[in-house]
Amino acid sequence: VSTYLVSAPGDALTRQPTLPFSRLKGLRLVLPRRPSHWRNALDETARGLGFQLESVAEADSLTVQRTLVAHQPGLYSILGPYAFAEDLRTGKVQATKLVRPDLMRHVTLAAPRQGKLTPACKVAAQTIQAIVKSWGNQLSEP
């Protein structure tokens, strides 16, 4: 799935359909705490474009990130679409797709190589697969 810059409603930057990653320079961001694979990827992308991300708050909770940006104009977070879909639908946040580069998120459903899955794990895996299939093999509702 793609990555989005999320803000409070009415923000000029996130009103656009897409936004180059380089436009994050100087923005006040809510980011995941270090150490984090995703945070490292964001920091490395910014470094590759010649700037550093400005983290004004760090939170691993997607709910905390969304809530902060929804209630604080001029504050932004970088999230996948599943993290803010409901808030976007209800008008609590606004978002634009980050491009150049496109930061794609990959999600994998893995099972152990040895041993058996418990019945609960089997049901959970089947349910996840059915939901994603019903969404056209995307990780968010159409």
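Helices (H or I, at least four residues) and strands (E, at least two) are taken as DSSP runs, numbered from the N terminus. The structure is a predicted model, in which local features need pLDDT of at least 70 and side-chain atom pairs count only at pLDDT 80 or more, whereas totals for chains, interfaces and linings use all residues. Residues are numbered from 1 along each chain as its sequence is written, and side-chain values use heavy atoms, with hydrogens and water left out.

The protein chain contains 4 helices and 6 strands, arranged from the N terminus in the order β-β-β-α-β-α-β-α-β-α. Its C-alpha trace spans about 50 × 30 × 25 Å along the principal axes. Of its 142 residues, 38% are buried, where buried denotes under 20% relative accessible area, exposed over 50% and partly exposed the range in between (1.4 Å probe, protein chains only). With contact defined as heavy atoms within 4.5 Å, 74% of the contacts between residues at least 6 apart in sequence join residues at least 24 apart.

Helix α2 comprises residues 62-71, of which Gln65, Arg66, Val69 and Ala70 are buried. These residues lie on the same side of α2, because they cover an arc of only 125° around the axis; the arc is that of the directions from the helix axis to the C-beta atoms. The buried residues of α2 pack against strands β1 (4-7), β3 (28-31) and β5 (75-79), and against helix α3 (81-89).

Helix α4 (residues 119-134) has 16 residues and, at 1.5 Å a residue, should span 22 Å; the end C-alpha atoms are 22 Å apart, which agrees. The expected span is 1.5 Å times one less than the number of residues in the helix. Just after α4, Gly136 adopts a positive phi of about 75°.

Ser2 is located in the segment before β1 and is buried, with a relative accessible area of 13%. Not counting residues up to four places away in sequence, Ser2 touches Gly80, Pro81, Lys97, Leu103, Met104 and Arg105.

Arg33 is placed in the loop between β3 and α1 (37-48). With a relative accessible area of 47%, Arg33 is partly exposed. Its contacts, leaving aside neighbours within four places in sequence, are with Arg39, Glu58, Ala59 and Asp60. Arg33 and Glu58 are 25 residues apart in sequence, yet their C-alpha atoms are 5.1 Å apart in space.
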